[in-house]
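Dear colleague,

I am passing on the structure below, together with some notes on what was found in it. Please have the sequence and the model open side by side as you read.

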Amino acid sequence: MHNNISHHLSIIIMSKYELRDKTALLSGVTYEQSLLATTALTPPLLTRIGGSDGFHTLATLFYDRVFDDKENPWFLGIFASSTKSEAVDNQNRFLVQTFGGEALYKEKKGKYTRLVGRHANYKITTDAAERWVVHMNCAIDEHEELKQDEEAKEYLKMYFRFTAFYIVVASVYMKNDQLSGGVQIDSGRVW
């Protein structure tokens with residue numbers, strides 16, 4: 001029995017690295033490169049972007065582009081369960097917390113961010129991840145605080161590219177009990 005447990009645990013541990021490797025192949029960004037936005041910048045990204053207001057601006061620029069994307073209605077359909085203001089608020093909270101600010105996301109959503117689980121109910125394909133990255137890269141390039149900060153822009157773009165494709169890759173391995181809010185989209189849209 002001990003060998004079965006050890007074998008099972010090694011598969012779980014390997015899966016984490018396998019997910020990262022598959023994401024790197026698909027996105028062209030390694031896990032280590034994706035961490036640079038949170039570990040390698042001095043001053044940190046939270047300061048460079050203008051604090052929580054700067055992340056709110058980034059989320060607004062991004063979702064303005066998403067909700068105006070009339071050429072790709074299939075992409076906008078992914079966001080149909082949310083208003084633009086809800087989407088901006090959720091992303092802002094997540095980014096502030098992820099990049100070293102207050103635990104705003106935790107205040108609203110609970111202890112764990114569970115990014116893959118939060119997106120598991122949506123059909124996020126590689127095409128959707130690519131479209132998401134296009135809009136985010138444009139939002140980064142449009143952000144006043146980042147326009148002259150090539151290092152921060154490069155690291156942030158790597159972070160977002162890896163993360164978008166990680167959601168695609170990891171969703172293959174999701175189990176129903178790992179979904180955030182169960183197997184249905186939360187009716188109250190507070191996800």
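Predicted model: local features only at pLDDT ≥ 70, side-chain atom pairs only at ≥ 80, totals over all residues.

Of the 191 residues in the protein, 40% are buried.

Helix 4 covers residues 51–67, and its 17 residues should span 24 Å at 1.5 Å a residue, which agrees with the 25 Å between its end C-alpha atoms. Its buried residues are Gly51, Gly54, Phe55, Leu58, Ala59, Leu61, Phe62, Tyr63, Val66 and Phe67, and these pack against helix 3 (45–48), helix 5 (73–77), helix 6, helix 9 and helix 10.

Helix 6, which runs over residues 84–98, has 15 residues and reaches 21 Å from its first C-alpha to its last, close to the 21 Å expected at 1.5 Å a residue. The buried residues here are Ala87, Val88, Asn90, Gln91, Asn92, Arg93, Phe94, Leu95 and Val96. One of them, Gln91, counts as buried because its relative accessibility is 9%, where the cut-off is under 20%. Leaving aside the neighbours within four places in sequence, Gln91 is in contact with Ala59, Phe62, Tyr63, Trp132 and Met136. Just after helix 6, Gly100 takes a positive phi of about 95 degrees.

The remaining notes concern helix 9 (residues 126–142) and helix 10 (residues 150–171), which pack at an angle of about 160 degrees with their axes 9 Å apart. That angle makes helix 9 roughly antiparallel to helix 10, since angles over 145 degrees count as such. The crossing of helix 9 and helix 10 is right-handed. On the side of helix 9 the contact is made by Thr126, Ala129, Glu130, Trp132, Val133, Met136, Asn137, Ile140 and Asp141, while helix 10 contributes Lys153, Leu156, Lys157, Phe160, Arg161, Ala164, Phe165 and Val168. By type, the residues of this contact divide into 10 nonpolar, 2 polar and 5 charged.

Note on methods
Residues numbered from 1 in each chain as written. Heavy atoms only, no water. Axes fitted to C-alpha atoms, helices over the stretch in contact; angles between N-to-C directions. Helix = DSSP H or I, 4+ residues; strand = E, 2+ residues; numbered from the N terminus. Parallel < 35°, antiparallel > 145°, perpendicular 65-115°, else oblique. Left-handed = near helix turned anticlockwise from the far one by under 90°. Contact = heavy atoms within 4.5 Å. Nonpolar A, V, L, I, M, F, W, Y, C, P; charged D, E, K, R; others polar. Buried < 20%, exposed > 50% of the residue type's maximum accessible area, 1.4 Å probe, protein only. Expected span 1.5 Å × (residues − 1).
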